[in-house]
Amino acid sequence: CNKIMKPIDGSCCQPQPPLTLIQKLAFCFFSLSIVGYIIISVIHRNNFRKNKSCTDLESGEEKKPAISTPNVSTLEMLLHSFCKLGLIMIYFYLCDRANLFMKENKFYTHSSFFIPIVYILVLGVFYTENTKEIKMQNREKTNTFQSAILILCVVFFSKDSLLEPVFVNKINFHTKTVLENVPGFFIYPLSLSFDSFQVLFRLNFLVVVLCIVMDRPYQFYYFVPLVTVWFMIIYATLAIWPQIVQKKANGNCLWHFGLLVKLTCLLTCIYFLSYSQGAFEKIFSFWPLSKCFELNGNVYEWWFRWKLDRYVVFHGMLFAFIYLALQKCQMISEGKGDPLFSNRVSNVLLFISVVSFLIYSVWASSCKNKTECNELHPSVSVVQILAFILIRNIPGYVRSVYSSFFAWFGKISLELFICQYHIWLAADTKGILVLIPGYPMFNVLVSTFIFVCVAHEISQITNDLAQIVVPKDNSTLLKRLLCIAGFFSGLLLFSAMQDQSRH
């Protein structure tokens, strides 16, 4: 029994950290939400029963009810969502903060690493269906792609990430996930509308709640800050004068030139920051940015994560630009069963893509020096990603099918990736959660089932709250944004006071 995670031991005597003021306030908020929901639900159901149909004693016929189903108010929906979220957060806290469940160490073997991957990939193939939309990057294929990446990342996390080939492939999968979302963000309508804020809300809601409940910094869940910042960079690049949207670009080719100028400026800024660590750290060392991006008292971890994927957004925006230009010039064919280009061009590109994909995979798997691989990765990772996209989309048949199994998981990929930190893995991903001691396989099955169910429920809660918190009306949206800004300001001030009291 020990409080330090050792290579051959489990940890069963970790001291439970004391509750912070922010955690106590969160507990009170969720408790009030549960009580409030129960009270409103009881009142609402009593009112509904009063309006239900009654039997006419004279005729013996049942009268039609005035109200057939209870109308759920916005307040009741809000409290219901927070009620479910509160119960889920209690489970999170009990799994990874309370001294209730043991955490055992992760052991790497080739069989435990590759067998689950092969099994899941084969299972996904059996759920192949025809896609409703046959465009190059439709939602179903994007969900499938993200799900496959996520499953492999989860397997990587559960093994020894110090192995260089595993680590290189893991960061490559993170890069693929970021790049996969760039074309969608790039083609997004350029307006300060509720759609853009809903994207940011869905990206950050779960992480902000976990930062409060689990007492962890925002940068601890590094993938969400990374995607959030890149989304804002894409938005800012397109939104600054002169604004360039798809309609303008299709109407006049000069807008294409303007967009290329913007992309060149973005690449220049990225290149400058990547070779000026001092300037980068100064930008993110100012309060309140420092509270969001510091980890262990400095922003080095954020600098390291950002630098690994520094060119991925530029590559993604350039890919989206070329894709839209080819569409306008009618140089690609996205019909069902048709190759993406002419037969000769498609065959040549497909051969080059397969060769490039294999060469990069061999290089990544044979990597022995993590530092050298990290330096090369930002520049060359686009080769394998672009090769995969072309292999996936050039043949007409391959482009028109997808795996519904992976697509379902892809819809909750963000929640799965974040939840694994505490309720599938544990000890902040350093160990594996043990719900059933002594039965490792049964424990994995049970914890995985709960993990997937919780992630799916959180996804539903996030979508429901996004509809309520981020309305379509601009004036209401502005008021909500001011309230959210006030909430975050108070949260950062409480966090600063907490840090001072600790020191």
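Predicted model: local features only at pLDDT ≥ 70, side-chain atom pairs only at ≥ 80, totals over all residues.

Author: The chain has 503 residues, and 46% of them are buried. As for how it's put together, you'll find 20 helices and five strands. Take the contacts between residues at least 6 apart in sequence: 76% of these join residues at least 24 apart.

Now for the close-up. Ile 270 sits in helix 9, which covers residues 254-274. Is Ile 270 buried or exposed? Its relative accessibility is 4%, and buried means under 20%, so Ile 270 counts as buried. And what does Ile 270 touch, leaving out residues up to four places away in sequence? Its partners are Trp 230, Trp 306, Arg 310 and Tyr 311. Have a look at Lys 307 as well: Ile 270 and Lys 307 are 37 residues apart in sequence, yet their C-alpha atoms are 9.1 Å apart in space.

For contrast, hop over to helix 14, residues 343-365, where you'll find Val 348. Val 348 has a relative accessible area of 44%, so this residue is partly exposed. Together with Phe 351, Ile 352, Val 355 and Ile 359, Val 348 makes a nonpolar surface patch of about 480 Å². So there you have both cases: Ile 270 is buried, while Val 348 is partly exposed.

Conventions:
Residues numbered from 1 in each chain as written. Heavy atoms only, no water. Helix = DSSP H or I, 4+ residues; strand = E, 2+ residues; numbered from the N terminus. Buried < 20%, exposed > 50% of the residue type's maximum accessible area, 1.4 Å probe, protein only. Contact = heavy atoms within 4.5 Å. Patch = residues over 30% accessible without salt bridge, like charges linked within 9 Å, V, L, I, M, F, W, Y side chains within 5 Å. Areas by Shrake-Rupley, 256 points an atom, 1.4 Å probe, with all protein chains shown as cover. Salt bridge = Lys/Arg side-chain N within 4 Å of Asp/Glu carboxyl O.
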